[in-house]
Amino acid sequence: GSWRKGTGQGYTHVYSANEAITTPVALAGAQDMDAAISAAHQALPAWRKAAPEFRAGVMNRLATMIEERTENLAQLQTFETGFPISGARQLIGLMTGWTRYYAGFCDKIEGGSLTNQPEGRYLISREPYGVVAILLTWNMPMSSVCMKAMAALAAGNTVVIKVPEMAPFAMQLIGELFEQAGFPAGVVNVLVAGPEGGEALTSDPRIGKISFTGGTGTAAKVMNAASQNITPTLFELGGKSACMIFDDADLDAAVPFACMFPYAATGQACIVPSRMLVHEGIYDEVVARVT
């Protein structure tokens, strides 16, 4: 419920376009992570019991506020990572869409029963994990948080969000918007952190689930930390998409797409088709066109 300076190591942010130093960034350390997790635990009972209409209301307000800050957020995304401004603007629509989508789930998370069992009746109750740790990717953190945190919040979890040190600015504004939208103190905690903060977060036994997007090397460390407490994990790692071109494809459309899209965001996105799988009947023509 308050803003504080990080107690961890400092980080010097560099602008990707010209490698100029922009500003020092105070990172969150283990002490800050402990405080955030404690705050999330304290906020959990009231948030999980909050009326679905209340949770949906603050989430929809957040979506509107993100929409209103489209240009500001897009420029911050570009400033911190060198992401093309045209693509950064497109991300905002995805962010508001995901936020409103999960807001619609708040009053639809229901239990059930199995009544046709010979031993009796079984009741099914869906309950939140508790405090969910969310580790964001550096290339598109503000859109990533709308995919991850909104689902967790809709289900009644509180969240501790680790923002990568390479991209600290847009998510700090998103943190302000969470607050202004009416999320109670402690429900959402946003911390810019490096390895020290990440290790403190993923190894804490009070964490109910971990969601991580990034490379396989870091994922192995996260999994090792989680294994000490048998904490459930959800990973999206370094898979590379394939562009599949069949023999009935419109090559005038398919080939330019297959050639250009892999370089979107300078290739630093998990959805870019960096491989091509081409039907053998049109292979030679596609290779000639690509060349």
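Rings of Phe, Tyr and Trp, the last taken by its six-membered ring, pair if their centres lie within 6.5 Å. The legends below describe close-up views of a predicted model.

**View A. Aromatic pairs of the predicted model, with the pair of Tyr102 and Phe105.** The structure holds 10 aromatic pairs. In one of them, the rings of Tyr102 and Phe105 are 6.4 Å apart from centre to centre, and an angle of 40° between the planes makes the pair tilted. Phe105 is partly exposed, its relative accessible area being 34%.

**View B. The edge-to-face pair of Phe212 and Phe235.** The ring centres of Phe212 and Phe235 are 6.0 Å apart and the planes stand at 85°, so the pair is classed as edge-to-face. Because Phe212 belongs to strand S8 and Phe235 to strand S9 (residues 233-236), this pair ties together parts that are 23 residues apart in sequence. Phe212 is buried, at 6% relative accessible area, whereas Phe235 counts as partly exposed, at 25%.

**View C. An aromatic cluster.** Trp47, Phe54, Phe178 and Phe183 are linked into a cluster by ring pairs.

**View D. Helix H4 and its packing partners.** Helix H4 comprises 19 residues, 85-103, and spans 28 Å between its first and last C-alpha, close to the expected 27 Å. Its buried residues are Gly87, Ala88, Leu91, Ile92, Met95, Thr96, Thr99 and Ala103. An α-helix has 3.6 residues a turn, so residues three or four places apart point the same way.

**View E. The largest pocket.** This pocket has a volume of about 1200 Å³. Its lining consists of 49 residues, with Thr137, Trp138, Asn139, Thr213 and Gly214 nearest the centre. At least two lining residues come from each of H4, H5, strand S6 (158-164), helix H7 (195-202), strand S8 (207-213) and helix H8 (216-227). H4 contributes the most, with 6 residues. By class, the lining has 24 nonpolar, 19 polar and 6 charged residues.

**View F. The second largest pocket.** The second largest pocket holds about 710 Å³ of space. It is lined by 28 residues, and Ser2, Trp3, Arg4, Val190 and Leu191 are the closest to its centre. Strand S2 (21-26), helix H1 (30-49), H6 and strand S7 (188-193) each supply at least two residues of this lining, with the largest share, 5 residues, coming from S7. The lining residues divide into 17 nonpolar, 7 polar and 4 charged.

How values were computed
Residues are numbered from 1 along each chain as its sequence is written. This is a predicted model: local features need pLDDT of at least 70, side-chain atom pairs count only at pLDDT 80 or more; totals for chains, interfaces and linings use all residues. Side-chain values use heavy atoms; hydrogens and water are left out. Helices (H or I, at least four residues) and strands (E, at least two) are DSSP runs, numbered from the N terminus. The expected span of a helix is 1.5 Å times one less than its number of residues. Buried means under 20% relative accessible area, exposed over 50%, partly exposed in between (1.4 Å probe, protein chains only). On a 1 Å grid over the protein atoms alone, a cavity is a set of points where a 1.4 Å probe fits but cannot get out, and a pocket is an open set with protein on both sides within 12 Å along at least five of seven lines; lining residues have an atom within 4 Å of a point. Grid points are joined across faces, edges and corners, and a volume is the space filled by probe spheres set on the points. Ala, Val, Leu, Ile, Met, Phe, Trp, Tyr, Cys and Pro count as nonpolar, Asp, Glu, Lys and Arg as charged, and the others, Gly among them, as polar. Rings of Phe, Tyr and Trp (its six-membered ring) pair if their centres lie within 6.5 Å; planes under 30 degrees apart count as stacked, over 60 as edge-to-face and the rest as tilted.
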